[in-house]
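Q: Please take a close look at a single part of the model shown here, and treat it in one connected account.

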Amino acid sequence: MAKRTIDEVDLAGRRVFLRVDFNVPLGRDGAVSEDARIRAILPTLTLARRAGARVVLASHLGRPKGGPDPNYSLRPVAVRLGELLGEPVPLAADCVGAAVEAEARALRPGGILLLENLRFHAGEEANDPGFAQALAALGDVYVNDAFAAAHRAHASTEGITHYLRPAVAGLCMNRELEVLGRVFDAPARPLVAILGGAKVSDKLALVESLVARVDRLLIGGGMAFTFLRAQGCEVGRSLLEADLVPTAARLLEVTESGRGIQLPEDSVVATSPEAEGGTLVPVVSIPADRMGLDIGPATLAAFGAVVRQARTIVWNGPMGVFERPAFAAGTLGLAHAVADSPGFSVVGGGDTVAAVQRAGVADRIDYLSTGGGAFLEYLEGRTLPGVAALDERR
Ligand code: ADP
Ligand code: MG
């Protein structure tokens with residue numbers, strides 16, 4: 001179901017409470033070290049200002065313990081946003097309260113006020129109704145452009161919509177929902193999903209959901225070894241979640257020719273991730289004292305062939321310990337295969353997006369999701385509270 005978007009509501013002269021994701025990394029000097037998330041919302045911000053809105057920007061940053069903490073102030077974000085806009089961006093001393101309300105009311109059309117970190121109040125993560133109401137008092141229209149926070153029912157993502165309507169999607173949120181909807185509602189087939197990363201337990205629900213919906217599910221990374229164990233392989237000291245082996249075996253039963261889960265054939269093994277290099281072995285002969293740290297070239301070729309045939313590709317999770325050059329080849333090679341595929345490609349997850357960037361192919365991926373946890377929960381087929389709370393398009 002489509003959500004109403006920011007361009008469908010009249011913003012002239014109205015205070016827009018704009019929930020964004022300014023949860024950016026800060027460098028040692030305390031300044032914003034990576035501003036992609038700030039630049040991402042500029043189109044929404046510009047649209048609102050041009051429409052004559054008075055914009056109240058709200059975000060969390062890091063994990064302060066429910067009280068003010070100067071280490072998590074949004075001050076560096078105000079500075080960086082000001083640089084990007086070429087004008088100073090005022091930062092409120094707090095995100096709720098009489099003083100902030102007065103500042104919001106004093107905004108002129110096109111004006112901006114950045115609220116201080118929402119998580120300086122425990123009511124944000126607790127989705128406290130009183131806190132949500134205090135936030136709602138700052139706006140006349142609610143816009144959510146923070147897909148990455150939409151899987152949490154927090155006061156600024158869910159609670160506020162009980163007190164502030166209309167509640168609509170910003171441009172980033174809308175694009176995210178459009179792309180993810182396209183992948184799952186009516187994907188061009190074959191639809192291929194690639195999963196990797198360290199832990200099966202983190203992604204078990206995702207495997208269950210994907211195996212039912214995709215034509216082929218390629219599994220690499222540390223999580224592959226629990227599945228390989230379920231197939232009878234000895235996996236040495238590779239990551240293994242022994243209690244999940246029966247579940248993995250059940251999921252593998254879905255596999256039939258051309259469908260279901262496809263596992264690695266070979267692996268680069270070493271005694272530890274700190275090793276300077278590894279040895280290539282078939283997955284059926286992983287030595288007892290070694291751990292699998294990357295997929296091998298035969299697996300890369302096999303996965304690459306599937307990806308080349310795919311018309312839709314969804315990828316989350318690196319194929320190996322790509323942070324270490326000795327174990328990065330599988331992940332970087334697969335990034336190239338995904339980029340080269342004529343299929344529509346969507347990549348999500350903090351580490352996976354970083355790997356695609358390191359491979360230098362980010363601009364040839366059709367869509368990089370901004371949501372880590374939210375992306376995974378959406379793929380699992382779960383309802384995201386921050387999306388469900390937005391108005392339906394009639
Ligand atoms: P994302 O952030 O994209 O969702 P994850 O956080 O789930 O991805 O997984 C990334 C992590 O998985 C990386 O730190 C990587 O080193 C680790 N990893 C991948 N393959 C292995 C492996 N074979 N053994 C141990 N760790 C692995
Ligand atoms: Mg990660």
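How far does a polar side-chain atom of Asp-351 lie from an oxygen atom of ligand 1?

A: The separation between the polar side-chain atom of Asp-351 and the oxygen atom of ligand 1 is 2.9 Å, a polar contact (a pair of N or O atoms within 3.5 Å). This is a predicted model, in which local features need pLDDT of at least 70, side-chain atom pairs count only at pLDDT 80 or more, and totals for chains, interfaces and linings use all residues. Residues are numbered from 1 along each chain as its sequence is written, chains are lettered from A and ligands numbered from 1 in the order in which they are written, and side-chain values use heavy atoms, with hydrogens and water left out.

The backbone also takes part. A backbone N or O atom of Gly-350 is 3.4 Å from an oxygen atom of ligand 1, and a polar backbone atom of Gly-292 lies 3.0 Å from a nitrogen atom of the ligand. On its own, ligand 1 has 580 Å² of accessible area (Shrake-Rupley method, 1.4 Å probe), of which the protein covers 81%. Strand 11 (291–295) and helix 13 (350–358) are the elements that give two or more residues to the shell around ligand 1; helix 13 gives the most, with three. Elements here are DSSP runs, helices (H or I) of at least four residues and strands (E) of at least two.

Around ligand 1 there are 18 residues, each with a heavy atom within 4 Å. The nearest are Lys-203, Asn-316, Glu-323, Asp-351 and Thr-352. By class, this shell holds six nonpolar, nine polar and three charged residues, with Gly counted among the polar ones.

Conventions:
Polar contact = N/O pair within 3.5 Å; in protein donor to acceptor, adjacent residues only side chain to side chain.
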